[in-house]
Amino acid sequence: MSTIPHIRFYDGREAPCLGLGVWQVTDDEAVDVVGQALEMGYRSIDTAAIYDNEGGVGRAIAHSGLPREDLFITTKVWNTDHGHDAARTAFMSSLEKLGLDHVDLYLIHWPVPKTDLYIPTWEALIQLRDEGLAKSIGVCNFNRDHLEHLLDATGVMPVLNQIELHPLFQQPALRSFHAENGILTQAWSPLGQGRLLEHPLLLALAAKHARSAAQIILRWHLQLGNMVIPKSVTRARQAENMAVFDFELGEDDMQAIATLHTADGRLGPDPQRFRLPHH
Ligand code: NDP
């Protein structure tokens, strides 16, 4: 029943190009929020140990009755669990909370270059992949030099890099580097945390296509080849956000949105400096 197209990783596996993000959804809320999303056709869920809702996500999965192979579940190792053994222990704890025997994608949440442990963490993820416990492995918030370091040290590239990306902060250089290296780009805060939805240009494009501003932004991402994980706890918005596969933006629309990029358009932390807080 799911109508969300899939995209293929370099490792041969595939995932829905659009999933539900659940940052800032409480563990209690997650059961209903994820449950209703699965009912309407979402199949990919993006959680993380630090979101403290893996238990609720796991209960929603169990209640859904959906076959495990139809689902694509992502979680992430937090900054305080870097290092080979700590990352492995963190993974096992996530798996237990989710009530699963494997995840589809396990990600390093931030590189935390100051502690310089992301190589041993990555080696732990490679081992988890080889054991079949994480079907694919990737990273979030890695800059180009972090990715090059991973490749030099281990020879294994992530299937994707999940980075802050929305019309105000379009990451052109990193997207090109990903494309040259077979890494998919997954956009976090794809809607700019909801702050872009009143932008006049996006509202004009919404009127032109008889869609919402959120749908215009998500369509822009998808036409660039980005995977997206918009978050909403609201049923109508969840439905709206996945109804983006039956219209197309023209090249002129894509160019117009490209002009919104600003070098300092970040809403979240800078990966080179970010160390501890919440996501
Ligand atoms: P989003 O860009 O997805 O925006 C979410 C906000 O937009 C919420 O306030 C939501 O409200 C609102 N919203 C969603 N859809 C609509 C709509 N159609 N119309 C109007 N408002 C809407 O921000 P996030 O920061 O949550 O990013 C998405 C996901 O990315 C996260 O949930 C998380 O999974 C991941 N992420 C990963 C990070 C990382 O470091 N790897 C960092 C940050 C996020 P409401 O829920 O009230 O409906």
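Tutor: Let's go to the second largest pocket, where E14, E69, L71, F72 and D104 lie nearest the centre, among 13 lining residues. A pocket here is an open set of points on a 1 Å grid over the protein atoms alone, where a 1.4 Å probe fits, with protein on both sides within 12 Å along at least five of seven lines; lining residues have an atom within 4 Å of a point. This is a predicted model, in which local features need pLDDT of at least 70 and side-chain atom pairs pLDDT 80 or more, while totals for chains, interfaces and linings use all residues. Residues are numbered from 1 along each chain, and side-chain values use heavy atoms, without hydrogens or water.

The space in this second largest pocket is about 200 Å³, counted as what probe spheres set on the points fill. Strand β2 (residues 14-16) gives the largest share of its lining, 3 residues; strands are DSSP E runs of at least two residues, and helices are H or I runs of at least four. By class, you'll find 7 charged, 4 nonpolar and 2 polar residues in that lining. Asp, Glu, Lys and Arg count as charged, Ala, Val, Leu, Ile, Met, Phe, Trp, Tyr, Cys and Pro as nonpolar, and the others as polar.

For contrast, peek at the largest pocket, with about 570 Å³ of space. Its lining has 31 residues, with S189, Q193, G194, P230 and K231 nearest the centre. Helix α9 (residues 235-242) gives the most to that lining, with 3 residues. The classes there come to 13 nonpolar, 13 polar and 5 charged.
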